[in-house]
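Here is a short report on how two chains meet, followed by a look at one residue. Keep the sequence and the model in view while reading.

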Amino acid sequence: MGKITDIAEVLLEMGLESPSNLERSVVDSAIVKAEAAVKRYLNYDPLRALRTEYYPQMDQSNLPARGYWESNSSSAYLVRESSASADELQLQHLPIRSNVAMILSIDTNGKFDTVSGAFTTASVEGTDFWPRYDGLDDDGNKICRDGMILSSGRWPLAAGSVKIIYTAGYTLAELHGQKSLVDASQINDAIIGEATIKSKKALATKKHIVAGFVSGVITAERMGDYNYAVDPATAAKLFGSSLDITSASREKLENFVNCGWTITN
Amino acid sequence: MAVKAAQRLRNFATDVNILDGDGAVLTLVADDEIRARIGRSSEILDDDTGAKFTVTSGTPTAAGSVFTKEGGTITTQHRLRIDAADLDFDAGTYTLFFDLNDSTDGDDWKTVGREIFHLEDS
């Protein structure tokens, strides 16, 4: 069963008004696969949920820092221009929502919360850190679509030294285009499209179970000296892409992909 | 089975048969209960939490929606009437679930039918 897309939406897209149990099962399974494919492409689960994560995922403490040496009357010092991505913390799940207060703790010896007594002191939002909120949702809560958090000072570079509990993702209403300020309906649209293609592929090649029934892609069939003919145009639409999702779906999802997380982790 | 198309904030009525697992029409007896729910499968899960609309036979909603159970003497079809005020949720495509609480089979609800429920803006 899909978490985002309801089976009724795909059945309607396919024109299956009275589906058999087999057709329902095929479509239901296709939705699960389509949702998984979309999540993999986005690099996160777009359904809103409370999440606990540890950052940085990658140990950046040994990465070379860009900078230059200066000196004053008594000592030399390094002026750092940049160091990996430690100026911004890029979270995996988008968008960050403010309807539940974020809890963020920094412990440079936290080791992904495996050390006893780690992450006991919470940082203060607005003082110690602040997500790059870019607007309000329909409920008047802030939303941060790029998933970046800035801090007062630099983020630590040691892996697993930041623990964050936050809410991210879109509601089902937003994923279905039922809200005016936050519209993520293209994600659901991509899932419906992918599930429809996967369902058609399965149903077009399934074993014939009804006498006289001919699947859409097969244009002719004969029992004696068995042979059949396939409509090449239909087959191309059904089986044209060997990729996980089609280019049309990738285009729909383009604005939702978390490229930053892929780069920094 | 057909697509049920309704409009937001407009009264809606439909007659439905309750079928068993083999697709045969069930004739309900006195203590049986039937329930209709509208929502997305992921929201409804095992109970009516998250359903956009729920009505059980013998228990009308506050707005006056009713699911009238028939005993099979005149008809096996049960009438679902949804009041306009209960169709006050976002337009979209949902699943209409029909559940049966079979008095001869213990007190648990079983989903016995599903239909496409398309709610249009009025």
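## The interface

Chain A and chain B bury about 1,500 Å² between them, and carbon and sulfur atoms give 56% of that area. Buried area is the accessible area (1.4 Å probe) that two parts lose on being put together, summed over both. Asp6(A), Glu17(A) and Gln178(A) supply 34% of what chain A buries against chain B, more than any other three residues.

This is a predicted model: local features need pLDDT of at least 70, side-chain atom pairs count only at pLDDT 80 or more, and totals for chains, interfaces and linings use all residues. Residues are numbered from 1 along each chain as its sequence is written, chains are lettered from A in the order in which they are written, and side-chain values use heavy atoms, without hydrogens and water.

| Contact between chain A and chain B | Value |
|---|---|
| Residues from chain A | 18 residues |
| Residues from chain B | 18 residues |
| Polar contacts (both at pLDDT 80 or more) | seven residue pairs |

Contact means heavy atoms within 4.5 Å. A polar contact is a pair of N or O atoms within 3.5 Å; within protein, one must be able to donate a hydrogen and the other to accept it, and residues adjacent in sequence count only if both atoms are side-chain atoms.
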